[in-house]
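Me: I have a structure open and would like to learn how to read it. Could you take me through its features one at a time?

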Amino acid sequence: MAQFVREVMTTGVVAVRPDASLVEAAQLMRAQDIGDVLVAGDRSLLGVLTDRDIALRAVADGVDPLTVSAQAVCTPNPVVIGPDDAVSAAVELMREHAIRRLPVVEDGHPIGVVSLGDLAVSEDPDSALAEISRAAPDDSPGSMIR
């Protein structure tokens, strides 16, 4: 079992500028096959924007996703963890704050994300969540509403 966050996190950062539109953010999520992006400015983390944030905080209110910024809808000042922190600390933070994704920050700069799926693959590889997390996305015709 992994001891440190850096051993389980997804490396690299998929981020948008604070002034990016929700459409830009959603297109990036689709292109990267992910459910969230970090909102960052000058290499500092400002927030986390999820597909759920877009749906519930913008689309459900009838706002124009072309004119609303990522920063306006994201969860600001997210809970973060360091790459050299214990995996158990990540689990505790996620449990305590009821979050599914935890940005990994080093020297104030985002360097990755640890997700529930990452933890499942590492800590309980035979679990249903781990199997789902390892599965390749289904890009076959009809697999998505278009």
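Reply: Gladly! Let's start with confidence: pLDDT is the predictor's confidence in each residue, from 0 to 100. Here the chain has a mean pLDDT of 87, with 83% of its residues at 70 or more. This is a predicted model, so local features need pLDDT of at least 70 and side-chain atom pairs count only at pLDDT 80 or more, while totals for chains, interfaces and linings use all residues. Residues are numbered from 1 along each chain as its sequence is written, and side-chain values use heavy atoms, leaving out hydrogens and water.

Me: Where in the chain is confidence lowest, and where is it highest?

Reply: Helices (H or I, at least four residues) and strands (E, at least two) are DSSP runs, numbered from the N terminus. Confidence is lowest in helix α7 (residues 128–134), with a mean of 54, and highest in helix α4 (residues 70–73), at 97. Over residues 140–146, pLDDT stays under 50, and the model has one contact (heavy atoms within 4.5 Å) beyond four places in sequence for them.

Me: What is the order of the strands in the open sheet?

Reply: Two strands pair if DSSP finds at least two bridges between them. The three strands here have the order β1-β7-β6, with antiparallel pairing. β1 (10–11) and β6 (101–106) stand at the edges with a single partner strand each, so one side of each lacks a neighbour in the sheet. Six bridges join β6 to β7 (residues 109–115); in β7, Pro-110 is the bridge partner of Val-105.

Me: How do I read a nonpolar core?

Reply: In soluble globular proteins, nonpolar side chains tend to be buried together. A core is a set of buried Ala, Val, Leu, Ile, Met, Phe, Trp, Tyr and Cys residues joined through side-chain atoms within 4.5 Å. Buried means under 20% relative accessible area, exposed over 50%, and partly exposed in between (1.4 Å probe, protein chains only). The largest core here has 14 residues, and Val-16, Leu-22 and Val-37 are among those with the most contacts inside it. α2 (22–32), β3 (36–41) and α4 each supply at least two of its residues, and the largest share, three residues, comes from α2. A second, separate core of twelve residues includes Val-8, Val-87, Ala-90 and Val-104.

Me: Is Ser-21 buried or exposed?

Reply: Ser-21 has a relative accessible area of 8%, so it is buried. Ser-21 lies in the loop between β2 (15–16) and α2. Leaving aside neighbours within four places in sequence, Ser-21 is in contact with Pro-65, Leu-66 and Val-68.
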